[in-house]
Amino acid sequence: MTKLRNCLLVTCGIGALAASPAFAAQTVPEQAQAQDPNAAVAPLPAQASDVPDGEAIVVTAQKRTQLLIDVPQSITVVSGSTLEAQHATNFQDYLKLVPGLQLNQSDPGEGRLIVRGINAGGVAAVVSVYVDETPYGSSSGLVNGGVLAADFDTFDLARIEVLRGPQGTLYGASSLGGVLRFVTNAPSTARVSVRGRVGLETVAGGDLGYNANLAVNIPLSKTLAFRASGSYRKDGGFIDSIGTVGGSPPFAPIGPSRIAKNINGDKVYGGRASLLFKPSDAASFRLTAIAQNLEANAPTLVEADPVTLKPLHGLSQSQFAPQFSNLKYRIYNGTGAFNLGFGTLTTSTSFAKQNQTRREDF
(Lines give C-alpha, C1' and ligand atoms only; values in the text may rest on other atoms or scores of the structure.)
Protein backbone atom coordinates (compact mmCIF):
# COMPACT_ATOMS: atom_id res chain seq x y z
CA MET A 1 0.00 0.00 0.00
CA THR A 2 1.17 3.57 -0.61
CA LYS A 3 0.58 7.08 0.62
CA LEU A 4 0.56 9.81 -1.98
CA ARG A 5 2.75 12.82 -1.32
CA ASN A 6 2.09 16.02 -3.30
CA CYS A 7 5.32 17.96 -3.64
CA LEU A 8 6.29 21.44 -4.81
CA LEU A 9 9.99 21.94 -5.53
CA VAL A 10 11.82 25.18 -6.24
CA THR A 11 15.40 24.90 -7.53
CA CYS A 12 17.60 27.92 -8.06
CA GLY A 13 21.17 28.62 -8.97
CA ILE A 14 23.23 31.44 -10.43
CA GLY A 15 21.24 32.65 -13.42
CA ALA A 16 18.46 30.03 -13.15
CA LEU A 17 15.17 29.63 -11.32
CA ALA A 18 12.60 26.88 -11.85
CA ALA A 19 9.60 25.42 -10.06
CA SER A 20 7.87 22.15 -10.82
CA PRO A 21 5.34 19.85 -9.16
CA ALA A 22 6.37 16.27 -8.40
CA PHE A 23 4.71 13.20 -6.99
CA ALA A 24 6.30 10.45 -4.91
CA ALA A 25 4.87 7.37 -3.23
CA GLN A 26 5.86 6.28 0.27
CA THR A 27 5.78 2.51 0.68
CA VAL A 28 4.10 1.24 3.85
CA PRO A 29 5.13 -2.36 4.61
CA GLU A 30 2.94 -4.47 6.87
CA GLN A 31 4.26 -6.18 9.99
CA ALA A 32 3.08 -9.60 8.85
CA GLN A 33 4.52 -9.24 5.35
CA ALA A 34 8.14 -10.16 4.68
CA GLN A 35 8.47 -7.95 1.62
CA ASP A 36 6.40 -6.32 -1.08
CA PRO A 37 5.79 -8.96 -3.78
CA ASN A 38 5.88 -6.25 -6.40
CA ALA A 39 9.24 -4.87 -5.26
CA ALA A 40 11.16 -6.74 -7.94
CA VAL A 41 9.20 -5.08 -10.73
CA ALA A 42 11.25 -2.18 -12.06
CA PRO A 43 11.54 -0.19 -15.27
CA LEU A 44 14.58 -0.23 -17.51
CA PRO A 45 17.76 1.48 -16.25
CA ALA A 46 18.65 5.02 -17.21
CA GLN A 47 19.16 5.38 -20.96
CA ALA A 48 20.38 8.31 -23.01
CA SER A 49 16.84 9.69 -23.05
CA ASP A 50 16.86 9.95 -19.25
CA VAL A 51 19.69 12.47 -19.15
CA PRO A 52 19.99 15.93 -20.71
CA ASP A 53 21.06 16.12 -24.35
CA GLY A 54 24.81 15.82 -24.71
CA GLU A 55 25.39 14.49 -21.18
CA ALA A 56 27.56 11.37 -21.30
CA ILE A 57 26.93 8.56 -18.80
CA VAL A 58 30.30 8.08 -17.13
CA VAL A 59 31.16 5.33 -14.63
CA THR A 60 34.22 4.26 -12.63
CA ALA A 61 33.28 0.63 -12.09
CA GLN A 62 36.69 -0.55 -13.28
CA LYS A 63 38.65 1.97 -11.21
CA ARG A 64 38.95 4.35 -14.16
CA THR A 65 36.66 6.81 -15.90
CA GLN A 66 34.78 5.19 -18.79
CA LEU A 67 31.58 5.60 -20.74
CA LEU A 68 28.86 3.25 -19.55
CA ILE A 69 28.55 1.64 -22.99
CA ASP A 70 32.24 0.60 -22.87
CA VAL A 71 32.05 -1.24 -19.52
CA PRO A 72 31.73 -5.04 -19.90
CA GLN A 73 29.84 -5.47 -16.61
CA SER A 74 26.25 -5.64 -15.46
CA ILE A 75 25.84 -2.11 -14.16
CA THR A 76 23.08 0.49 -13.86
CA VAL A 77 23.74 4.20 -13.47
CA VAL A 78 21.30 6.79 -12.15
CA SER A 79 22.65 10.24 -12.98
CA GLY A 80 22.52 13.21 -10.65
CA SER A 81 20.23 15.05 -13.06
CA THR A 82 17.76 12.13 -13.03
CA LEU A 83 17.81 12.02 -9.21
CA GLU A 84 17.09 15.73 -9.02
CA ALA A 85 14.40 15.73 -11.72
CA GLN A 86 12.50 12.98 -9.91
CA HIS A 87 13.25 14.35 -6.43
CA ALA A 88 14.68 10.95 -5.52
CA THR A 89 16.32 11.57 -2.16
CA ASN A 90 16.51 8.07 -0.64
CA PHE A 91 16.44 4.35 -1.40
CA GLN A 92 12.65 4.18 -1.65
CA ASP A 93 12.64 6.88 -4.34
CA TYR A 94 15.24 5.61 -6.80
CA LEU A 95 15.41 1.81 -6.35
CA LYS A 96 12.61 1.58 -8.94
CA LEU A 97 15.12 2.90 -11.49
CA VAL A 98 17.47 -0.07 -10.96
CA PRO A 99 16.29 -3.46 -12.27
CA GLY A 100 16.74 -6.27 -9.75
CA LEU A 101 17.34 -3.96 -6.76
CA GLN A 102 14.99 -4.47 -3.80
CA LEU A 103 14.68 -2.87 -0.37
CA ASN A 104 13.21 -4.17 2.89
CA GLN A 105 12.82 -1.21 5.25
CA SER A 106 10.56 0.10 8.00
CA ASP A 107 12.67 2.97 9.41
CA PRO A 108 14.92 5.43 7.53
CA GLY A 109 18.43 3.98 7.58
CA GLU A 110 17.24 0.54 8.71
CA GLY A 111 17.12 -1.15 5.32
CA ARG A 112 18.30 -4.34 3.67
CA LEU A 113 19.45 -4.06 0.05
CA ILE A 114 18.91 -7.10 -2.18
CA VAL A 115 20.32 -7.44 -5.71
CA ARG A 116 19.16 -10.20 -8.05
CA GLY A 117 17.17 -11.76 -5.21
CA ILE A 118 20.34 -12.79 -3.35
CA ASN A 119 19.54 -12.58 0.36
CA ALA A 120 21.48 -14.43 3.03
CA GLY A 121 18.67 -13.77 5.51
CA GLY A 122 21.01 -12.87 8.36
CA VAL A 123 22.46 -9.57 9.54
CA ALA A 124 25.61 -9.70 7.37
CA ALA A 125 25.54 -7.45 4.31
CA VAL A 126 25.33 -9.06 0.86
CA VAL A 127 25.34 -5.67 -0.92
CA SER A 128 28.24 -3.33 -0.22
CA VAL A 129 27.72 0.45 -0.06
CA TYR A 130 30.51 2.76 -1.24
CA VAL A 131 30.89 6.53 -1.01
CA ASP A 132 33.46 7.48 -3.65
CA GLU A 133 36.46 5.29 -2.70
CA THR A 134 35.24 4.39 0.80
CA PRO A 135 33.38 1.14 1.57
CA TYR A 136 30.88 2.17 4.25
CA GLY A 137 29.24 -0.12 6.75
CA SER A 138 30.12 -3.18 8.77
CA SER A 139 32.63 -5.75 7.54
CA SER A 140 31.22 -8.20 10.08
CA GLY A 141 27.81 -9.79 10.52
CA LEU A 142 27.97 -9.10 14.26
CA VAL A 143 26.90 -5.42 14.03
CA ASN A 144 23.87 -5.66 11.73
CA GLY A 145 25.52 -4.36 8.55
CA GLY A 146 23.00 -6.25 6.45
CA VAL A 147 20.02 -4.35 7.87
CA LEU A 148 21.65 -0.92 8.24
CA ALA A 149 22.47 -0.11 4.61
CA ALA A 150 23.67 3.51 4.51
CA ASP A 151 20.98 5.71 2.92
CA PHE A 152 22.82 8.95 2.06
CA ASP A 153 20.99 12.02 0.80
CA THR A 154 21.34 12.38 -2.98
CA PHE A 155 21.60 16.16 -3.26
CA ASP A 156 24.75 17.28 -5.14
CA LEU A 157 25.64 13.75 -6.25
CA ALA A 158 27.26 13.10 -9.62
CA ARG A 159 25.57 9.69 -9.93
CA ILE A 160 24.73 6.40 -8.27
CA GLU A 161 26.27 3.20 -9.68
CA VAL A 162 24.88 -0.27 -9.00
CA LEU A 163 27.05 -3.25 -9.95
CA ARG A 164 25.79 -6.82 -9.86
CA GLY A 165 28.04 -9.15 -7.88
CA PRO A 166 29.77 -11.10 -6.73
CA GLN A 167 32.57 -8.59 -6.16
CA GLY A 168 36.18 -9.11 -5.18
CA THR A 169 38.25 -7.64 -2.37
CA LEU A 170 39.80 -4.76 -4.40
CA TYR A 171 36.44 -3.21 -5.23
CA GLY A 172 33.24 -4.38 -3.61
CA ALA A 173 34.39 -5.59 -0.17
CA SER A 174 33.82 -9.22 -1.25
CA SER A 175 30.07 -8.63 -1.44
CA LEU A 176 28.00 -11.49 -2.79
CA GLY A 177 25.09 -9.48 -4.20
CA GLY A 178 26.88 -6.44 -5.61
CA VAL A 179 27.78 -2.83 -4.92
CA LEU A 180 25.79 0.39 -4.63
CA ARG A 181 28.12 3.38 -4.95
CA PHE A 182 27.44 7.05 -4.25
CA VAL A 183 29.70 9.27 -6.39
CA THR A 184 29.86 12.83 -5.05
CA ASN A 185 30.62 15.93 -7.09
CA ALA A 186 34.25 16.96 -6.75
CA PRO A 187 35.32 20.60 -6.20
CA SER A 188 36.09 22.53 -9.39
CA THR A 189 38.65 25.26 -9.99
CA ALA A 190 36.69 26.51 -13.04
CA ARG A 191 34.20 28.93 -11.46
CA VAL A 192 32.14 29.87 -8.44
CA SER A 193 28.74 28.20 -8.30
CA VAL A 194 25.87 28.33 -5.83
CA ARG A 195 22.77 26.16 -6.05
CA GLY A 196 19.81 25.79 -3.73
CA ARG A 197 16.52 23.93 -3.54
CA VAL A 198 13.50 24.08 -1.25
CA GLY A 199 10.42 21.90 -1.23
CA LEU A 200 7.09 21.54 0.50
CA GLU A 201 4.83 18.50 0.52
CA THR A 202 1.53 17.36 1.96
CA VAL A 203 0.80 13.77 2.91
CA ALA A 204 -2.75 12.46 2.53
CA GLY A 205 -4.12 12.06 6.05
CA GLY A 206 -0.79 13.06 7.58
CA ASP A 207 1.59 15.86 8.51
CA LEU A 208 3.27 18.51 6.39
CA GLY A 209 6.78 17.80 5.08
CA TYR A 210 9.49 20.11 3.78
CA ASN A 211 13.14 20.14 2.67
CA ALA A 212 15.98 22.55 1.93
CA ASN A 213 19.34 22.05 0.20
CA LEU A 214 22.32 24.24 -0.61
CA ALA A 215 25.58 23.58 -2.48
CA VAL A 216 28.53 25.96 -2.95
CA ASN A 217 31.70 25.58 -5.04
CA ILE A 218 34.52 28.11 -4.53
CA PRO A 219 37.86 28.13 -6.46
CA LEU A 220 40.50 29.33 -4.00
CA SER A 221 43.27 29.44 -6.61
CA LYS A 222 44.18 27.82 -9.93
CA THR A 223 45.15 24.65 -8.06
CA LEU A 224 42.83 24.71 -5.03
CA ALA A 225 39.02 24.47 -4.75
CA PHE A 226 36.46 23.93 -2.01
CA ARG A 227 32.94 22.50 -2.26
CA ALA A 228 30.30 22.12 0.44
CA SER A 229 26.66 21.07 0.51
CA GLY A 230 24.02 20.75 3.19
CA SER A 231 20.55 19.26 3.34
CA TYR A 232 17.59 19.09 5.70
CA ARG A 233 14.44 17.04 5.14
CA LYS A 234 11.37 16.40 7.28
CA ASP A 235 8.99 13.66 6.16
CA GLY A 236 5.47 13.95 7.56
CA GLY A 237 4.00 10.99 9.42
CA PHE A 238 0.68 9.35 8.54
CA ILE A 239 0.35 6.33 10.87
CA ASP A 240 -1.58 6.64 14.14
CA SER A 241 -1.26 4.87 17.48
CA ILE A 242 -4.85 3.97 18.31
CA GLY A 243 -4.46 2.72 21.89
CA THR A 244 -5.77 -0.49 23.41
CA VAL A 245 -7.86 -2.47 20.93
CA GLY A 246 -8.71 -5.46 23.14
CA GLY A 247 -7.74 -9.08 22.77
CA SER A 248 -7.71 -12.20 24.89
CA PRO A 249 -4.83 -13.38 27.14
CA PRO A 250 -1.94 -13.74 26.62
CA PHE A 251 -2.29 -11.18 23.81
CA ALA A 252 -4.33 -8.58 25.71
CA PRO A 253 -2.45 -5.31 26.30
CA ILE A 254 -1.33 -4.70 29.88
CA GLY A 255 -1.97 -1.14 30.98
CA PRO A 256 -2.93 1.88 28.86
CA SER A 257 -1.35 2.21 25.44
CA ARG A 258 -0.20 5.41 23.80
CA ILE A 259 -2.73 7.27 21.60
CA ALA A 260 -1.08 9.63 19.12
CA LYS A 261 -1.37 10.91 15.56
CA ASN A 262 1.14 10.63 12.71
CA ILE A 263 3.78 8.89 14.79
CA ASN A 264 6.09 7.79 11.94
CA GLY A 265 7.55 11.14 10.91
CA ASP A 266 11.31 11.50 10.48
CA LYS A 267 14.08 14.05 9.96
CA VAL A 268 17.22 13.64 7.83
CA TYR A 269 19.94 16.30 7.86
CA GLY A 270 23.66 16.64 7.26
CA GLY A 271 26.32 17.87 4.88
CA ARG A 272 29.46 17.24 2.88
CA ALA A 273 32.67 19.28 2.59
CA SER A 274 35.53 18.61 0.18
CA LEU A 275 38.87 20.29 -0.56
CA LEU A 276 40.70 19.59 -3.84
CA PHE A 277 44.37 20.35 -4.47
CA LYS A 278 45.53 19.78 -8.04
CA PRO A 279 49.09 21.03 -8.53
CA SER A 280 49.34 19.54 -12.03
CA ASP A 281 47.47 17.39 -14.53
CA ALA A 282 49.44 14.39 -13.24
CA ALA A 283 48.52 14.64 -9.55
CA SER A 284 45.54 15.54 -7.39
CA PHE A 285 44.65 15.30 -3.69
CA ARG A 286 41.17 15.44 -2.19
CA LEU A 287 40.03 15.61 1.43
CA THR A 288 36.34 14.91 2.18
CA ALA A 289 34.17 14.90 5.29
CA ILE A 290 30.56 13.66 5.34
CA ALA A 291 28.07 13.77 8.21
CA GLN A 292 24.40 12.78 8.17
CA ASN A 293 21.81 12.13 10.87
CA LEU A 294 18.57 10.19 10.46
CA GLU A 295 15.99 10.55 13.24
CA ALA A 296 12.82 8.46 12.97
CA ASN A 297 9.99 8.64 15.50
CA ALA A 298 8.40 5.25 14.82
CA PRO A 299 8.60 2.49 12.20
CA THR A 300 6.46 2.80 9.09
CA LEU A 301 4.53 -0.37 9.87
CA VAL A 302 0.85 -1.17 10.35
CA GLU A 303 -0.73 -4.06 12.22
CA ALA A 304 -2.02 -6.69 9.82
CA ASP A 305 -3.87 -9.97 9.93
CA PRO A 306 -1.23 -12.74 9.71
CA VAL A 307 -3.40 -14.78 7.34
CA THR A 308 -4.95 -12.23 4.98
CA LEU A 309 -2.19 -9.60 5.40
CA LYS A 310 -4.90 -6.93 5.44
CA PRO A 311 -4.50 -4.01 7.89
CA LEU A 312 -6.48 -4.60 11.08
CA HIS A 313 -7.39 -0.98 11.83
CA GLY A 314 -6.28 1.02 8.81
CA LEU A 315 -2.96 2.85 8.97
CA SER A 316 -2.39 2.31 12.66
CA GLN A 317 -0.37 0.62 15.40
CA SER A 318 -1.06 -0.15 19.07
CA GLN A 319 2.02 1.47 20.54
CA PHE A 320 2.62 1.23 24.28
CA ALA A 321 5.91 3.11 24.47
CA PRO A 322 7.26 5.85 22.19
CA GLN A 323 9.70 4.37 19.67
CA PHE A 324 12.62 6.00 17.91
CA SER A 325 15.70 5.24 15.83
CA ASN A 326 18.60 7.70 15.60
CA LEU A 327 21.40 6.97 13.15
CA LYS A 328 24.61 8.93 12.63
CA TYR A 329 26.86 8.56 9.57
CA ARG A 330 30.42 9.92 9.63
CA ILE A 331 33.07 9.55 6.91
CA TYR A 332 36.52 11.19 6.67
CA ASN A 333 38.54 10.41 3.54
CA GLY A 334 41.77 11.42 1.84
CA THR A 335 42.32 10.36 -1.79
CA GLY A 336 45.33 10.90 -4.02
CA ALA A 337 45.57 10.19 -7.76
CA PHE A 338 48.85 10.11 -9.71
CA ASN A 339 49.19 9.72 -13.48
CA LEU A 340 52.16 7.43 -14.13
CA GLY A 341 51.82 7.41 -17.88
CA PHE A 342 51.02 3.72 -18.24
CA GLY A 343 48.26 3.99 -15.64
CA THR A 344 46.92 5.88 -12.63
CA LEU A 345 47.91 5.17 -9.04
CA THR A 346 45.09 5.88 -6.58
CA THR A 347 45.51 5.88 -2.83
CA SER A 348 42.58 6.19 -0.44
CA THR A 349 42.59 6.42 3.36
CA SER A 350 39.32 6.56 5.28
CA PHE A 351 37.86 6.58 8.75
CA ALA A 352 34.14 5.81 8.95
CA LYS A 353 31.72 5.44 11.83
CA GLN A 354 28.05 4.54 12.15
CA ASN A 355 26.17 4.88 15.44
CA GLN A 356 22.59 3.86 16.20
CA THR A 357 20.41 4.51 19.25
CA ARG A 358 16.93 3.05 19.21
CA ARG A 359 13.96 2.01 21.31
CA GLU A 360 11.55 -0.62 20.04
CA ASP A 361 8.12 -1.52 21.42
CA PHE A 362 7.78 -5.32 21.30
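Colleague: Which residue in β11 is the bridge partner of E161?

Modeller: Please bear in mind that this is a predicted model. Strands β10 and β11 pair in the antiparallel sense, over seven bridges. In β11, the bridge partner of E161 is R181.

Colleague: In what order do the five strands of the open sheet lie?

Modeller: The pairing in this open sheet is mixed, and the twist from one strand to the next averages 20 degrees. Strands β5 (75-79) and β9 are the edge strands, as each pairs on one side only. The order of the five strands is β5-β10-β11-β8-β9.

Colleague: Which residues touch the most other members of the largest nonpolar core?

Modeller: This core has 32 residues. Several elements each supply at least two of its residues, among them α2 (91-94), β7 (110-115), β11 (178-184) and β20 (324-339). The residues that touch the most other members are F91, Y94, L113, F152, I160, L180 and F182.

Colleague: With which residues is F91 in contact, leaving aside its neighbours within four places in sequence?

Modeller: F91 is one of the residues that touch the most other members of the largest nonpolar core. Its contacts include two others named in that group, L113 and F182.

Colleague: Is D156 buried or exposed?

Modeller: R195 has 24% relative accessibility and therefore counts as partly exposed. For D156 the relative accessible area is 5%, and the limit for a buried residue is under 20%. D156 is therefore buried.

Colleague: How many residues apart in sequence are the parts that D132 and R286 tie together?

Modeller: The side chains of D132 and R286 meet in a salt bridge at 4.0 Å, N to O. D132 lies in the loop between β8 (127-131) and β9 (134-136), whereas R286 lies in strand β18 (residues 283-296). D132 counts as buried at 12% relative accessibility, and R286 is buried at 16%. The parts tied together by this pair are separated in sequence by 154 residues.

Colleague: How many salt bridges does a search of the whole structure find?

Modeller: Side chains of opposite charge can pair when their charged atoms come close. The pair formed by D132 and R286 is a salt bridge in this structure. A search of the whole structure gives a total of 13.

Colleague: With the side chain of which residue does the side chain of R233 make a polar contact?

Modeller: R233 is found in strand β14 (residues 224-235) and counts as buried at 8% relative accessibility. Not counting residues up to four places away in sequence, R233 touches residues including T89, D153, Y210 and D266. The polar contact of its side chain, at 3.3 Å, is with the side chain of D235.

Methods
Residues numbered from 1 in each chain as written. Predicted model: local features only at pLDDT ≥ 70, side-chain atom pairs only at ≥ 80, totals over all residues. Heavy atoms only, no water. Buried < 20%, exposed > 50% of the residue type's maximum accessible area, 1.4 Å probe, protein only. Helix = DSSP H or I, 4+ residues; strand = E, 2+ residues; numbered from the N terminus. Core = buried A, V, L, I, M, F, W, Y, C linked by side-chain atoms within 4.5 Å. Contact = heavy atoms within 4.5 Å. Pairing = 2+ DSSP bridges. Axes fitted to C-alpha atoms, helices over the stretch in contact; angles between N-to-C directions. Polar contact = N/O pair within 3.5 Å; in protein donor to acceptor, adjacent residues only side chain to side chain.
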